[in-house]
Amino acid sequence: MEGSSGPLGLKPPKSRTLETNRGWLTRTLGLGYGRGISGLKFPEKDPILTFEGMFPEGEEEGGEEEIMVRGWMQKAEVTSGLSPLELTDQEFSRLSKLVYETCGINLHRGKRELLRARLSKRIRELGFGSFGDYYRYLCSDPTGQELIKMLDHITTNLSRFFREEAHFKFLEEEFYPGFKEQVARGVRGPRLRIWSAACATGEEPYSIVMHAMMNLSSIPELDLRVLATDISTRALEKASKGIYSMEKISEVPQELRRRFFLKGTGPWDGTMKVKREVRQRVVFQRHNLLDPAPLDEDVDIVFCRNVLIYFDRETQRRVLERVVEPLVRGGYLLVGHAESINGAISNLRYIKPAIYRKL
Ligand SMILES: C[S@@+](CC[C@H](N)C(=O)[O-])C[C@H]1O[C@@H](n2cnc3c(N)ncnc32)[C@H](O)[C@@H]1O
């Protein structure tokens with residue numbers, strides 16, 4: 001999308017370019033929620049009690065299913081005593097076109113209620129009385145900030161630690177043994193680069209790091225970095241904090257929980273925070289998958305999971321080309337098990353369900 005205009009000449013906000021991302025593994029990011037490998041924003045020793053004021057309020061996602069979103073919206077409407085906002089056919093088609101052109105998410109007719117539910121709250125917050133007024137505001141906002149906010153509301157950022165176990169099993173049983181052997185033979189260095197494209201609230205990149213640290217502990221000089229990107233600033237903010245509810249953490253095997261998390265106390269009771277040794281291996285950055293890959297180094301593995309389902313076939317193809325581009329030859333692309341990409345682009349070889357290799 002970079003450099004292109006949306007409807008009414010509205011220019012979408014620029015995502016960081018290849019140029020600005022040069023050296024992403026070593027520099028501090030300047031987007032507020034980002035954190036470089038050095039220059040961490042978190043306190044040195046991770047004292048849980050100093051979290052005060054850093055934990056965003058009321059930002060838990062409603063849920064993946066439309067039905068849940070509807071339930072949440074109705075509840076909000078009842079509590080606020082406000083009647084639901086009307087969404088006309090024209091407003092729906094204008095907004096869904098804007099979303100599609102900006103980030104590729106395909107809001108077909110069946111998603112109308114979801115769009116209405118997710119944006120009504122934002123529209124009321126801003127004090128507008130209709131979707132039409134909001135659309136005009138969106139298109140006339142020269143900063144592009146409202147577009148970013150709108151996408152925060154539209155996107156579904158649901159994720160889980162160690163989601164789709166088969167991928168972690170593949171890494172453990174096939175990729176890491178080969179990697180270790182090559183490092184031992186001196187065929188390659190201990191450098192491992194992974195891109196978690198569409199990382200949502202961070203569970204995926206943190207799982208990757210914890211899992212790699214466990215499996216590659218025999219390589220003391222392991223140089224592991226994960227670039228974690230998403231279009232949602234709200235999701236990235238949560239991700240970079242690395243603080244999760246106990247319920248979320250229950251997805252993490254106990255051994256890893258003990259080793260890689262700190263337990264919250266006082267105001268942080270009921271939460272756990274990812275330890276610095278894990279967080280510092282992850283760089284979070286806002287990136288639109290429609291744009292060229294935001295890095296200029298080769299990566300060994302790309303996780304692009306559970307995001308392609310939001311795109312139509314043509315957008316999937318375009319996104320796949322973008323995400324495969326920085327992969328080394330022989331590197332792996334992991335997609336969600338519900339996402340079929342067979343034949344979408346020619347330089348990928350099917351290995352097993354949801355696992356592809358770059359030719
Ligand atoms: C359901 S989550 C998947 C999270 C994680 N990969 C997983 O499998 O658990 C989908 C994510 O894709 C992101 N997304 C949607 N469209 C995007 C785009 N055009 N560019 C980057 N991220 C996008 C959303 O913000 C959301 O966080």
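**Close-up views of a predicted model**

**View 1. Ala-198 sits in a loop.** Ala-198 is buried, because 26 other C-beta atoms lie within 10 Å. (Buried means 20 or more other C-beta atoms within 10 Å of a residue's own; exposed means 12 or fewer; partly exposed is in between; C-beta atoms are placed from the backbone.) The loop that holds Ala-198 runs between strand 1 (191–197) and helix 7 (203–215). (Helices, H or I of at least four residues, and strands, E of at least two, are DSSP runs numbered from the N terminus.) Ala-198 is not a glycine, yet its phi is positive, about 70 degrees. Most residues other than glycine have a negative phi.

This is a predicted model: local features need pLDDT of at least 70, side-chain atom pairs count only at pLDDT 80 or more, and totals for chains, interfaces and linings use all residues. Residues are numbered from 1 along each chain as its sequence is written.

**View 2. The shell around the ligand.** The ligand is surrounded by 24 residues. (Here a residue counts if its C-beta atom, placed from the backbone, lies within 6 Å of the molecule.) Among the closest are Thr-155, Ser-159 and Ala-198. The shell has 11 nonpolar, nine polar and four charged residues. (Ala, Val, Leu, Ile, Met, Phe, Trp, Tyr, Cys and Pro are nonpolar; Asp, Glu, Lys and Arg are charged; the others, Gly among them, are polar.) Domain 1 (66–154) and domain 2 (165–358) each supply at least three residues. (These bounds come from an automatic or database domain assignment.)

**View 3. The largest nonpolar core.** This core has 72 residues, and Cys-304 is one of those with the most contacts inside it. (A nonpolar core is a set of buried Ala, Val, Leu, Ile, Met, Phe, Trp, Tyr and Cys residues joined through C-beta atoms within 7 Å.) Both domain 1 (66–154) and domain 2 (165–358) give residues to the core, so it lies between them. Leaving out residues up to four places away in sequence, Cys-304 touches Ala-197, Ala-198, Val-323, Leu-333 and Val-335. (Contact means C-beta atoms, placed from the backbone, within 7 Å.)

**View 4. Cys-103 in helix 2.** Cys-103 belongs to helix 2 (residues 89–103). It counts as buried because it has 23 C-beta neighbours inside 10 Å. Not counting residues up to four places away in sequence, Cys-103 touches Leu-151, Ile-231, Asn-288 and Leu-290. Cys-103 and Ile-231 are 128 residues apart along the chain, but their C-alpha atoms are separated by 8.1 Å.

Notes
Two residues are in contact if their C-beta atoms, placed from the backbone, lie within 7 Å.
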